[in-house]
Amino acid sequence: MSKRIPFRIKNLNYGLAEARGLLHIGDDELILELESQDTVVGLIKSELKEVVIPFEDIEEINYKAGWIGAKIEIVGKSMKVMNDLPGADHGSATLHIRRRDREKAERVLSHARLELSEFKLKQLEG
């Protein structure tokens, strides 16, 4: 089973840019690979950036399906956790998922939430 989800982060720089990338589920972490692109012409791109968020820094991962697509909300334990992620606000980030990727995202996130729960249980035991 693939553990990656394509996503977009909308409305960067007052709506003039957006980020596109892939969310990967690691053993004890989320890995986001992304690049920003202007929404006006689509020519200006940033360099590829990788943001790693360890499970120990994640409070919760939420998923909400809608008519057009879906949203993944990653909530960090502090604002510092999401500091390197564009569009993050008050320690949380929202990733937009296209309609065609909704079912895949739901399966992958179900697996990720299970791994996050198991990680938290291990921390409590140890």
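User: What makes two strands a pair here?
Analyst: Two strands pair if DSSP finds at least two bridges between them. Strands are DSSP runs of E, at least two residues long, numbered from the N terminus. This is a predicted model, where local features need pLDDT of at least 70, side-chain atom pairs count only at pLDDT 80 or more, and totals for chains, interfaces and linings use all residues. Residues are numbered from 1 along each chain as its sequence is written, and side-chain values use heavy atoms, without hydrogens and water.

User: How do you know that β2 pairs with β3?
Analyst: Nine bridges join β2 (residues 17–25) to β3 (residues 29–38). Pairing needs at least two, so β2 and β3 pair. The two strands run antiparallel. L23 stands opposite L32 in β3. A hairpin of three residues joins β2 to β3.

User: What joins β3 to β4?
Analyst: Six bridges do, and β3 and β4 (residues 49–54) run antiparallel. E29 stands opposite P54 in β4.

User: Why is V40 called exposed?
Analyst: Exposed means over 50% relative accessible area, buried under 20%, partly exposed in between (1.4 Å probe, protein chains only). V40 has 62% relative accessibility, so V40 counts as exposed. V40 lies in the loop between β3 and β4.

User: Which residues lie nearest the centre of the largest pocket?
Analyst: I68, G69, A70, K71 and H96 do, among 13 lining residues. A pocket is an open set of points on a 1 Å grid over the protein atoms alone, where a 1.4 Å probe fits, with protein on both sides within 12 Å along at least five of seven lines; lining residues have an atom within 4 Å of a point. β1 (4–12), β5 (58–65), β6 (69–76) and β7 (92–98) each supply at least two lining residues.

Key
Helices (H or I, at least four residues) and strands (E, at least two) are DSSP runs, numbered from the N terminus.
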